[in-house]
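Below is a short briefing for a reader who has not seen this structure before. Please keep the sequence and the model in view while reading.

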Amino acid sequence: MQDKNLKFKTQNSKLLKVLFIGDVVGKSGRRGVKEILPALRKERGIDLVIANIENIAHGKGISEPTVREMMGAGVDAFTSGNHVWAKKEGIFLLDNPEFPILRPANYPPGVPGRGMLEMSVKKQPVVIINLIGRVFMKDDFDDPFRAFDSLLKTAPKNAIIIVDFHAEATSEKRAFGFYAGDRAHLICGTHTHVGTADTVIVNGRAGYVTDAGMTGAEDSILGVAKDGIIAQFLTQLHARHTMVDAGAVIFNSVLAEITVGKCVKIERCDMILNKERG
Ligand SMILES: [Fe+2]
Ligand SMILES: [Fe+2]
């Protein structure tokens, strides 16, 4: 009887609960994280929280106060994408070891920052890798598939591998999921700001979702005020993007339960915060 209890304890302690939060957009997104995450983390016994923050500072880029705000709310590590460069002051944070922020690893050599981060969670090595896709993206990135292969060679053998695949095309994301799913433990797509309903365990091993979605203003188009974006589609002229800082906030994330061998469960964890500003 005692042996059985001990076995249960050992197995349980190896399980990591990981929450991955979709692109946090501007003030509304930060409000969503601050008001939802602390209680959620406690209630669900979450061990590691990762958030994509490419849009955290007024919709584009990052800044020290906004990153600190998210660290204070309980986010442990950050991924990003093509918008992370939008604020000059934020670029310096990418090279500062005090801030656990990644940018996609498959930018060309010489670009500031890092695309892979090693950390220890409940004494378990965890490696987070950030990659960016190439389909429908206007920049010319290195191959994210082969970049993953190369990075993996440098990761500790017993590490839990988590990937943010920041990409536009669902086909590229799903292809990467099946390509890397025999080696990674969790693969979350980001960038489109619209959560997908395809949480699944691929290759019998990795938790996968095509897009984690967005944490930001609900009454918006991807976090931006609707009128300007609609005008842009109607006129084909660029309109000024205004962020939506008030009103309801959607909180999009996925929650995965991971052991050293594989992801055993992945589910969407979406909420809505229906409060007015202030
Ligand atoms: Fe984004
Ligand atoms: Fe993006």
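Glu 54 has a relative accessible area of 0% and is therefore buried, since buried means under 20%. In this predicted model, Glu 54 bridges two iron ions, ligand 1 and ligand 2, which lie 3.8 Å apart.

**Iron ion (ligand 1)**

- Four protein residues donate to the iron ion (ligand 1): Asp 23 through OD, Glu 54 through OE, Asn 55 through OD1 and His 193 through NE2.
- These donors lie 2.1 to 2.2 Å from the iron ion (ligand 1).
- The angles among the four donor atoms run from 89 to 163°, and the site is irregular.
- Along the sequence, the donor residues of the iron ion (ligand 1) follow the spacing D-x30-E-N-x137-H.
- Asp 23 belongs to strand S2 (residues 23-24), while Glu 54 sits in the loop between strand S3 (48-52) and helix H3 (64-73); this pair links distant parts of the chain, 31 residues apart.
- Asp 23 has a relative accessibility of 0%, so this residue counts as buried.

- Asn 82 lies in the loop between strand S4 (77-79) and helix H4 (88-91), and His 191 in the loop between strand S8 (186-190) and strand S9 (200-202), so the pair ties together parts that are 109 residues apart in sequence.
- Asn 82 is partly exposed, at a relative accessible area of 21%, whereas His 191, at 12%, counts as buried.

**The four-stranded sheet**

- Strands S2, S11, S12 and S15 form an open sheet of mixed pairing, in the order S2-S11-S12-S15.
- S2 and strand S15 (271-273) are the edge strands, each of which pairs on one side only.
- Two bridges connect S2 and S11, which pair in the parallel sense.
- Strand S11 (residues 214-217) and strand S12 (residues 249-251) run antiparallel and are joined by three bridges.
- Within S12, Ile 250 is the bridge partner of Gly 216, and Phe 251 stands opposite Thr 215.
- Helix H2 (residues 26-44) lies across S2, S11, S12 and S15, and runs at about 50° to S12.

- Strand S5 (residues 116-121) pairs with S6 in the antiparallel sense over six bridges.
- Ser 120 stands opposite Pro 125 in S6.
- Two residues lie between the strands of this hairpin, in which Lys 122 takes a positive phi near 50°.

**Helix H3**

- The buried residues in H3 are Thr 66, Val 67, Met 70 and Ala 73.
- These residues lie on the same side of H3, because they cover an arc of only 120° around the axis.
- Pro 65 and Gly 72, on the other side of H3, are exposed.
- S2, H2 and S4 are what the buried residues of H3 pack against.
- After H3 comes Gly 74, which has a positive phi near 110°.

**Helix H6**

- Helix H6 (residues 170-180) has Glu 172, Lys 173, Phe 176, Gly 177 and Ala 180 as buried residues.
- Their arc around the axis is only 140°, which puts these residues on the same side of H6.
- Thr 170 and Ser 171 are exposed on the other side of H6.
- The cover over the buried residues of H6 includes strand S6 (124-132), helix H5 (144-154), strand S7 (160-166), S8, S9 and strand S10 (206-209).

How values were computed. Residues are numbered from 1 along each chain as its sequence is written. Chains are lettered from A and ligands numbered from 1 in the order in which they are written. This is a predicted model: local features need pLDDT of at least 70, side-chain atom pairs count only at pLDDT 80 or more; totals for chains, interfaces and linings use all residues. Side-chain values use heavy atoms; hydrogens and water are left out. Donors are N, O and S atoms within 2.8 Å of the metal (3.2 Å for Na, K and Ca); water is not among the atoms, so sites may look incomplete. Four donors count as tetrahedral if all angles lie between 85 and 135 degrees; four count as square planar and six as octahedral if opposite donors are over 155 degrees apart and all others between 65 and 115; anything else is irregular. Buried means under 20% relative accessible area, exposed over 50%, partly exposed in between (1.4 Å probe, protein chains only). The arc is that of the directions from the helix axis to the C-beta atoms. Contact means heavy atoms within 4.5 Å. Two strands pair if DSSP finds at least two bridges between them. Axes are lines fitted to C-alpha atoms, for helices over the stretch in contact, and angles run from 0 to 180 degrees between N-to-C directions.
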